[in-house]
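Good morning, everyone. Please have a look at the sequence and the structure on the screen, and then we will go through them together.

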Amino acid sequence: MSYVDGFVAAVPAANREAYAEHARKAAPLFKEYGATKVAEYWGDDVPRGKQTDFFRAVEAKEDEVVVFSWVEWPSKAARDAGWEKIMADPRMQPGANPMPFDGKRLIYGGFAQIEL
């Protein structure tokens, strides 16, 4: 059964292309280490809520856009093994592929598939 890592980040609107380039460099590494799909989405129709919303979740500033991404893995075991390799890979170190956003405000989590 597949397993998904989900991510939400606040990215300065001016960094859209830098973010896309960062993702273009990272996606092949995730696939190299077992991911079956990597998806990146730039916020286009993200409403602001009265109590909760994506903007509050990542403490987005006025000049930032909410970005949503996910990585699909064949299983949680494949994900755990893949992440271990990704984190050790020199191509993913900050100097090789710096994040064009504040990583401290990134939210993420792993999700087990619900069979429907």
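Predicted model: local features only at pLDDT ≥ 70, side-chain atom pairs only at ≥ 80, totals over all residues.

Let me begin with contacts, where contact means heavy atoms within 4.5 Å: among contacts in the protein chain between residues at least 6 apart in sequence, 83% join residues at least 24 apart. Residues are numbered from 1 along each chain as its sequence is written, and side-chain values use heavy atoms, with hydrogens and water left out.

Now the overall fold. The protein chain has three helices and four strands, and from the N terminus on they follow the order β-α-β-α-β-α-β; helices (H or I, at least four residues) and strands (E, at least two) are DSSP runs, numbered from the N terminus. For 116 residues, a compact globule would have a radius of gyration near 13 Å, and the 15 Å of the protein chain agrees with that, where the radius is taken over C-alpha atoms and the globule rule is 2.2 Å times the number of residues to the power 0.38. Along its principal axes, the C-alpha trace spans about 40 × 40 × 20 Å.

How much of the chain is buried? Buried residues make up 34% of the 116 residues, where buried means under 20% relative accessible area, exposed over 50%, and partly exposed in between (1.4 Å probe, protein chains only).

Let us turn to the aromatic rings. A pair of aromatic rings is described by the distance of the centres and the angle of the planes. Rings of Phe, Tyr and Trp (its six-membered ring) pair if their centres lie within 6.5 Å, and planes under 30 degrees apart count as stacked, over 60 as edge-to-face and the rest as tilted. By this rule, the count comes to six aromatic pairs. One of them joins Phe7 and Tyr108, whose ring centres are 6.5 Å apart with the planes at 35°, so this pair is tilted. The pair links distant parts of the chain, since Phe7 is in strand E1 (residues 3-12) and Tyr108 is in strand E4 (residues 107-112), 101 residues apart. Are these two residues buried or exposed? Phe7 is buried, with a relative accessible area of 12%, whereas Tyr108 is exposed, at 65%.

Phe30 and Trp83 form an edge-to-face pair, with 5.2 Å from centre to centre and 85° between the planes. Because Phe30 lies in helix H1 (residues 16-32) and Trp83 in helix H3 (residues 76-88), this pair ties together parts that are 53 residues apart in sequence. Phe30 counts as buried at 8% relative accessibility, while Trp83 is partly exposed at 22%. Ring pairs link Phe7, Phe30, Trp73, Trp83 and Tyr108 into a cluster.

Leaving aside its neighbours within four places in sequence, Tyr108 is in contact with Gly6 and Phe7. Ser69, in strand E3 (residues 64-73), is buried, with a relative accessible area of 7%. Leaving aside neighbours within four places in sequence, the contacts of Ser69 are Asp5, Gly6, Phe7, Tyr19, Ala39 and Glu40.
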